[in-house]
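Biologist: Please take me through this structure slowly, one feature at a time. I would like to learn the general idea behind each feature and then see the case here.

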Amino acid sequence: MIEEAPLLRAQNVTRLYGGRVGCRDISFSLWPGEVLGVVGESGSGKTTLLRSLAGFEPPDEGAIHFRHGTEEHDIYALDEASRRAMMRTEWGMVHQNPRDGLRLDVSAGGNIGESLMARGDRHYGKMRARITDWLQRVEIDSSRIDDSPQSFSGGMQQRLQIARVLVAEPRLVFMDEPTGGLDVSVQARLLDLLRVLVRDLHLAAIIVTHDLAVARLLTDRLIVMKDGHIIEEGLTDQILDDPHHAYTQLLTSAVLSA
Amino acid sequence: MITMLEACGLRKTFTLHNQNGVVLNVLDHVDLDLAAGEMVVLKGPSGAGKSTLLRILYGNYKPVAGAVRLRHDGEMVDIVGARTSRVLDIRRRTLSFVSQFLRVIPRVATLDIVKDQMLTRGIGDAEATERAAAMLTRLNLPEQMWGLAPATFSGGEQQRVNIARSFVAPTPLLLLDEPTASLDPVNRDVVVELIETTRKAGSAMVGIFHDDAVSSRIATRVMQLSPRKAV
Ligand SMILES: Nc1ncnc2c1ncn2[C@@H]1O[C@H](COP(=O)(O)OP(=O)(O)O)[C@@H](O)[C@H]1O
Ligand SMILES: Nc1ncnc2c1ncn2[C@@H]1O[C@H](COP(=O)(O)OP(=O)(O)O)[C@@H](O)[C@H]1O
Ligand SMILES: [Mg+2]
Ligand SMILES: [Mg+2]
């Protein structure tokens, strides 16, 4: 049940923008099947960290190790092609704005199909069945398969983006404020969907959010960031119910009902 | 006698950084041993630290000092220093916390909430459904409610869903924080019976009950906590 080797290890990850700190000296490990939340106010470095972890931007200092089988790879020491291949097959990124994660000029079904093709699937009939299955899983009526995502609501676009990422069967997903721009009722539905998917697929996930209620519902462990640093880390309910750091106490007291 | 839990030297303070750094000194030198089949009832005035102690035993609050070892998979494991995945595994199979509040999961139906733990532990769907249905019936929650998410239920109904979920396939260790508070006498008696049956079947429990009649019926031992002062 408990797998002993971490799936991902961040080691002193630092990213600077000129003189400005994006994130500094971030170290932690993520185990298979574990859901880690990264919380902190706007500008605390959550997105910067996530983009470095997910292979989009190399850190200025430090390293990110990803375990593949028994081997650990320093993802930025790999050549570009190998890193891209890992990004397609080993992990996926759900962007805050679904438009950044979808191809808007391709049909809904095509968006899911592209992910399958990127991992080498070619059998058209099987692909069509998997696409339909995934549309259902994210609660999009399969009659919409040929429609453009442009015609979808924000919540539907986000669910489609999630299907596009998860159909590739990654072991790890990164999500940046996945419920960010959505209405509260739409958020609740998406959250429940994510909760069920993460559990059923035994996914590991790193979820950036500023919403502590989202963190409580979806994550096992929390990292609290401020000014680019980690200031507190631990079991999610322990951090939220018994915060030790002054800043975490401020964050949690602002949302007593979280 | 099988030891299920040993807590020793527990100390807990809360530092309220945003309230002038006030330090609340809540527990000091608290020890507790618990064997299978025991129900230790915590007593003490409001604010004495009863809930705090239960939450430390659950790994929800972090003690300043002391250890909490509990029997998990046949060995004694320290929950205070355990890695997240270990704590979650302990909570899935060994240790549960029952409060008077149900943490509602949006959109999940009552019957599924009660079945969930059983399914996770590998009990088949048919058996899980049957046991969940029997438990909900016993707690006087009518069948029309089983398909609904409890978000809109009354406080007392949510509380009974929570109890059904916790007692349908009870873990070897249970922590009860006023589970009978605000229940009517009929349902309170059902819960008292459930607790008794579960204890006699071998579960070990620590509980807080506001109602003296209830606690004297179910306690096998009483532990007194006294309030401390701010330092
Ligand atoms: N591309 C960029 N160029 C310059 N500064 C940036 C850039 N991206 C982020 N920053 C700065 O880095 C810090 C962390 O930002 P970000 O990672 O976006 O935080 P968060 O996601 O927590 O809101 C902020 O001070 C932000 O202004
Ligand atoms: N998370 C917390 N943060 C700060 N103080 C707390 C926290 N939890 C409990 N306390 C304080 O600890 C003391 C004991 O509370 P509690 O354990 O709930 O007592 P009891 O259950 O015996 O009524 C109280 O003063 C309470 O305010
Ligand atoms: Mg951001
Ligand atoms: Mg209490």
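**Reading pockets, ligands and hairpins**

Biologist: How do the residues of the lining of the second largest pocket divide into nonpolar, polar and charged?

Modeller: The lining of the second largest pocket is made up of 10 nonpolar, five polar and six charged residues. Here Ala, Val, Leu, Ile, Met, Phe, Trp, Tyr, Cys and Pro are nonpolar, Asp, Glu, Lys and Arg are charged, and the rest, with Gly among them, are polar. A pocket is an open set of points on a 1 Å grid over the protein atoms alone, where a 1.4 Å probe fits and protein lies on both sides within 12 Å along at least five of seven lines; a lining residue has an atom within 4 Å of a point.

Before we go on, this is a predicted model, in which local features need pLDDT of at least 70 and side-chain atom pairs count only at pLDDT 80 or more, while totals for chains, interfaces and linings use all residues. Residues are numbered from 1 along each chain as written, chains are lettered from A and ligands numbered from 1 in the order written, and side-chain values use heavy atoms, without hydrogens or water.

Biologist: What volume does the second largest pocket have, and which residues are the closest to its centre?

Modeller: The volume of the second largest pocket is about 500 Å³, meaning the space filled by probe spheres set on the points, which are joined across faces, edges and corners. It is lined by 21 residues, and those closest to its centre are Met87(A), Arg88(A), Met93(A), Arg164(A) and Val165(A). In chain A, α2 (80-89), β6 (91-94), α3 (98-101), α4 (108-118) and α6 (154-166) each give two or more residues to this lining. Such helices (H or I, at least four residues) and strands (E, at least two) are DSSP runs numbered from the N terminus.

Biologist: Where does ligand 2 lie?

Modeller: Ligand 2 lies between chains A and B. A nitrogen atom of ligand 2 is 3.0 Å from a polar backbone atom of Asp241(A), while on the other chain an oxygen atom of ligand 2 is 3.0 Å from a polar backbone atom of Gly49(B) and an oxygen atom is 2.5 Å from a side-chain N or O atom of Thr52(B). The protein buries 67% of the 560 Å² that ligand 2 exposes when taken alone.

Of the 14 residues around ligand 2, the closest are Gly47(B), Lys50(B), Ser51(B), Thr52(B) and Tyr61(B). In chain B, β1 (3-16), β2 (22-35) and α1 (50-58) each supply at least two residues of the shell, and α1(B) gives the largest share, three residues. The shell has seven nonpolar, five polar and two charged residues.

Biologist: How many bridges join β1(B) to β2(B)?

Modeller: Strands pair when DSSP finds at least two bridges between them. β1(B) and β2(B) run antiparallel and are joined by 10 bridges, with Thr13(B) opposite Asn25(B). These strands form a hairpin with five residues between them, and Asn20(B) in the turn has a positive phi of about 60 degrees.

In chain A, strand β1 (residues 8-17) pairs with β2(A) in the antiparallel sense over seven bridges, and Tyr17(A) stands opposite Arg20(A). Their hairpin has two residues between the strands, and Gly18(A) takes a positive phi near 60 degrees.

Technical notes
A residue is near a molecule or strand if one of its heavy atoms lies within 4 Å of it. A polar contact is a pair of N or O atoms within 3.5 Å; within protein, one must be able to donate a hydrogen and the other to accept it, and residues adjacent in sequence count only if both atoms are side-chain atoms. Accessible areas come from the Shrake-Rupley method with a 1.4 Å probe; for residues, only the protein chains shown count as cover.
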